[in-house]
Amino acid sequence: MEQQIKLNEHNKQEYPPMHTTEHIINQTMIRLFGCGRSVSAHIERKKSKLDYLLTTCPTEEQIKNLEKAVNEVIARHLPVTTEFITQEEAKGRFDLERLPEDASETVRVVKVGDYDECLCIGTHVANTSEIGTFKIISHDWDEESKRWRMRFKLV
């Protein structure tokens, strides 16, 4: 007898190429800047924005390197797959702080090839070849909060 997986309802419909790009950007930020995943995200079809907490404002060279690194990952044509695990299995492997209080016992892991994996209930492309080219269109720095905001699009 096959067990039915029960997940929480998802309250929004993402644009899959942009949402998968968010995952790639998050992992690239972790690798390049040693920060955590974005603290705030607004993902839309035409343009999106992500906020990160950093110790200093990225230089223009670092921002160009970020854009280049994200596009290199996209160009690898990585498969995007999912796996279902229990919250208990997720402990120590993922940050569970962002899970809603009423989160289901089963959680969904989204993997972008061997590059990134995280808990996510959103919609994604099947392969990074479906994404297009990532372009940072603007960014700003808030010195007081040490928050860097990036706005981007796919072309």
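This report describes a sheet, a helix packed across it and the nonpolar cores of a predicted model.

## The three-stranded sheet

Strands S3, S4 and S5 form an open sheet in that order, and their pairing is antiparallel. Strand S3 (80-86) and strand S5 (116-119) are the edge strands, each pairing on one side only. Direction ignored, neighbouring strands of this sheet are turned by 25° against each other on average.

Strand S4 covers residues 106-112 and is joined to S3 by seven bridges, the two running antiparallel. In this pairing, valine 110 in S4 has threonine 82 opposite.

## Helix H1 across the sheet

Residues 16-33 make up helix H1, which lies across S3, S4 and S5. The helix runs at about 75° to S4.

## Nonpolar cores

The largest nonpolar core contains 29 residues, and Ile25, Tyr52, Phe134 and Met150 have the most contacts inside it. At least two residues of this core come from each of H1, strand S2 (48-53), helix H2 (60-74), S4, strand S6 (134-142) and strand S7 (147-154). H2 gives the largest share, five residues.

Another core, of five residues, lies apart from this one; among its members are Ile85, Ala90, Phe94 and Val107.

## Surroundings of tyrosine 52

Leaving out residues up to four places away in sequence, tyrosine 52 touches Ile25, Asn26, Met29, Cys35, Gly36, Arg37, Ser38, Val39, Lys146, Arg147, Trp148 and Met150. Ile25 and Met150, both in this list, are also named with Tyr52 among the residues with the most contacts inside the largest core.

Conventions:
Residues numbered from 1 in each chain as written. Predicted model: local features only at pLDDT ≥ 70, side-chain atom pairs only at ≥ 80, totals over all residues. Heavy atoms only, no water. Pairing = 2+ DSSP bridges. Helix = DSSP H or I, 4+ residues; strand = E, 2+ residues; numbered from the N terminus. Axes fitted to C-alpha atoms, helices over the stretch in contact; angles between N-to-C directions. Contact = heavy atoms within 4.5 Å. Core = buried A, V, L, I, M, F, W, Y, C linked by side-chain atoms within 4.5 Å. Buried < 20%, exposed > 50% of the residue type's maximum accessible area, 1.4 Å probe, protein only.
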